[in-house]
Amino acid sequence: MGLDTKDAVSPGILNPPGNAVTGHQAWSMAALSRSLKNQYHAWTSATRRRAMADAYRPIVRGFLLPGCAYYLVVTWGHWQDESGSHFLILAGLSLATALAYALFRWVLLPAGGTPLARLEAVGLATNALMYSNVVAYMTLHFEEQKLIYFVLMAVVFSTTGVTLRATLASVVLSIASMFWFATKASPEVAHQFAFIGVATSFASLGMATLLRKAILRQIDARLFADQLASLDSLTGIANRRSIFAKIDRLVENKSPFWIGILDLDGFKSINDIYGHAVGDHVLCEVVDRLGHRHDADVQFGRIGGDEFAVVIVGEREATEVERIGNDLINEISRPYEMQPLLLSIGGTVGFARFPAMGSTARQVYEKADFALYRGKQFARGHTVLFTADQDQEMREALSLERALREANLAEELYLHFQPQFDLRRQKVVSFEALARWQSSTLGLVRPDRFIRAAERAGLIQNVTRVLFGKALDAVDLWPEHITVSFNLSAQDLVDRAFIFSLVAQVTKRGIAAARIEFEITETAVMKDISASRVLLEDLSALGFKIALDDFGSGYSSFEYLDQLPLDKVKIDKSFVRKVSVNATSREIVAGIITLCRNLDLKCVLEGVETDDEMRTLAPLSPELIQGYLFGKPMSQRDVLGLLLAAEEAEANVTAA
């Protein structure tokens, strides 16, 4: 379960000392085979080899610089002491060695990463050049006391050898050559160097083993820490870092795959109502259910919070991916039994494919995220695949997001206000605040477009905060009997602290709570009606008014009339605009008006634009009308002018 992490650390590294196989099992062929196999994988792990190269590269590079300087000095010494062919051989060889060491250090072993194979080859070449210098000198000028050079070489080889095989080969060659040259020395000297050679062999191999063991322990400790850092601490599956490392490797290897983002529906309310302990338990259970799949090419990771990544490696048809996604959603949507609780959550997943939908990991991930966003909007509880049709929409959305992030929202956002007209009192009693954005880069942007972009980018609360402040600025200048209706988004409603920061603004300005009406939609509350009800009840208790917008356009609106503390219902304009030509629409509107009257709810008819519509609606005795027939959205200056004109007209009637 989880994303493939075998390349992040070699098998067996996660097993602490003391977990070795013991007893009868230790002597079984199967246990021995597993042990040898684990050891083989440990030594041949690509990640471990990279780590070994990173550890030994500074040692080799550190040796090459003084080695280069040493052989330049040796060359100068040969120039002083040698002549003729001896000079050409010895000086030429030492100078070539110095130049080769410089080439190795600055060209073959640059400051960046170096493959272990290249590092091993450079180490062997370094040793071979050193060995050649000593052998050449001893061949031309045999001196008994200089047999010690072979001993020194063996020590150097033991400390600079990159791999065990290279170290063994170099040390054995050096000591064997010493024994061969010792045959030319006197019996007494040969006898002495025989003991020295044996002692040097054991010492060199011991030093090489201890040094290598110390380095490998450090490597394994670091890889173990890296593996822990690549796992989610709660669920034990791959975390965000590991996920992106995985898809980066797939992109680098040009391996096709699908990346999906699975978001849990209704999880936040479990955290809010029952606490994080229960929420964590649910997340772990979700991971257990995801792990029940036995498809090795379907791997999972936790991105953060209640979002998970689904990586499907290999070529898969879109229908198969959609089936996999729906199976996952069905699996996690089964009830969670946590005595005495029985909890339910859902899920939505968006998928995108590499390389068909992007050439980089980031591009494919963003498209999967956009598919998820579309699913949360229009296909909650289902699998959504990114399509070519969404590509242009996504580019426009990203352009809007970028402009929103770079915008001076306090200056560029503003409000228009549309009046709500009371038919019985024949006067304007309220205004709905309508968001507008005059972007410095994009010009005037439609509200539906930039509100969706702000929600997707996580900027909606910034937008809401600025616009709510401007709504309070406006209502502060209106007569006290005039109220303002302000729309809250779904993301606003799920953040209790944010909503009460808006309440604090109202209190600070000394504006009566009853003059502020929060408009909500079915979409905004359907994600978690229980949590929404608690929040709206608290707002209602503080004196704020609550209105349900677009009534009749959703699937379960009558449930909201029963469960939510509403003061007003706004009938969706799709019904209102058809009342003059459609008897069914007329009866539906009449029924809703009567229902609201019986429930003591104010009822607003939205979208009334023509006299024909009004003549049809008048016999139904509607209370409030909002539409172009009674007023288009207007600026604050026009609102003040309208209110002033209404006051003057009322004063004239009173005087008459």
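Two strands pair if DSSP finds at least two bridges between them. The exercises below apply this to a predicted model.

**Exercise 1. In which sense do β13 and β14 pair, and over how many bridges?**

Solution. 
- Step 1. Locate strand β13 at residues 545-551 and strand β14 at residues 568-571.
- Step 2. Count the bridges between β13 and β14: there are three, and the sense is parallel.
- Step 3. Pick out one bridge. Phe-551 has Ile-571 of β14 as its partner.
- Step 4. Move to the other pairing of β14. Strand β15, residues 602-606, pairs with β14 over four bridges, also in the parallel sense. Here Val-569 stands opposite Cys-603 of β15.

**Exercise 2. Are the two faces of β14 covered or open?**

Solution. 
- Step 1. Sort the residues of β14. Lys-568 and Lys-570 lie on one side, Val-569 and Ile-571 on the other.
- Step 2. Apply the cut-off: buried means under 20% relative accessible area. All four residues are buried, and both faces of β14 are covered.

**Exercise 3. Which residues have the most contacts inside the largest nonpolar core?**

Solution. 
- Step 1. Take the core as a whole. It has 80 residues.
- Step 2. Read off the residues with the most contacts inside this core: Trp-478, Ile-516 and Leu-605.
- Step 3. Ask which element contributes the largest share. Helix α17, residues 460-475, supplies eight residues.
- Step 4. Look around Leu-605. Leaving out residues up to four places away in sequence, Leu-605 touches Ile-571, Val-576, Val-589, Ile-593, Leu-617, Pro-622, Leu-624, Ile-625 and Gln-626. Ile-571 also belongs to β14.
- Step 5. Find the other core. Another core, of 56 residues, lies apart from the largest one; Leu-283, Val-321, Leu-328 and Ala-371 are among its members.

**Exercise 4. What is the strand order of the five-stranded open sheet, and which strands stand at its edges?**

Solution. 
- Step 1. Write the order: β2-β3-β1-β6-β7, with mixed pairing.
- Step 2. Find the edges. β2 (298-304) and β7 (383-385) each have a single partner strand, so one side of each has no neighbour in the sheet.
- Step 3. On average, neighbouring strands are turned by 20 degrees against each other, direction ignored.
- Step 4. Strand β6, residues 346-354, pairs with β7 in the parallel sense over three bridges. In one of them, Val-349 meets Thr-383 of β7.
- Step 5. Place the helix. Helix α11, residues 276-290, packs on the sheet and touches β1, β2 and β3. The direction of α11 makes about 10 degrees with that of β3.

**Exercise 5. How many bridges join β1 to β3, and how many join β1 to β6?**

Solution. 
- Step 1. Take β3. Seven bridges join β1 to β3, and the two run antiparallel.
- Step 2. Take β6. Nine bridges join β1 to β6, again antiparallel.
- Step 3. Follow Gly-260. The partner of Gly-260 in β3 is Val-310; in β6 the partner is Phe-351.
- Step 4. Nine of the nine residues of β1 are buried.

**Exercise 6. How are α13 and α14 oriented, and how are α5 and α6?**

Solution. 
- Step 1. Start with α13 (residues 361-378) and α14 (residues 389-406). Their axes are 11 Å apart, at an angle of about 95 degrees.
- Step 2. Classify. The range of 65 to 115 degrees counts as roughly perpendicular, and α13 and α14 are therefore roughly perpendicular.
- Step 3. List the contact. Glu-366, Lys-367, Phe-370, Ala-371 and Arg-374 come from α13; Gln-390, Asp-391, Glu-393, Met-394, Ala-397 and Leu-398 come from α14. They divide into five nonpolar, one polar and five charged.
- Step 4. Turn to α5 (residues 116-140) and α6 (residues 148-160). Their axes come within 11 Å and cross at roughly 180 degrees. That makes α5 roughly antiparallel to α6.
- Step 5. Inspect this contact. Residues from α5 include Met-130 and Tyr-131, and those from α6 include Phe-150 and Met-153. The α5 and α6 contact has 10 nonpolar residues, two polar and no charged.

Technical notes:
Residues are numbered from 1 along each chain as its sequence is written. This is a predicted model: local features need pLDDT of at least 70, side-chain atom pairs count only at pLDDT 80 or more; totals for chains, interfaces and linings use all residues. Side-chain values use heavy atoms; hydrogens and water are left out. Buried means under 20% relative accessible area, exposed over 50%, partly exposed in between (1.4 Å probe, protein chains only). A nonpolar core is a set of buried Ala, Val, Leu, Ile, Met, Phe, Trp, Tyr and Cys residues joined through side-chain atoms within 4.5 Å. Contact means heavy atoms within 4.5 Å. Axes are lines fitted to C-alpha atoms, for helices over the stretch in contact, and angles run from 0 to 180 degrees between N-to-C directions. Angles under 35 degrees count as roughly parallel, over 145 as roughly antiparallel, 65 to 115 as roughly perpendicular and the rest as oblique. Ala, Val, Leu, Ile, Met, Phe, Trp, Tyr, Cys and Pro count as nonpolar, Asp, Glu, Lys and Arg as charged, and the others, Gly among them, as polar.
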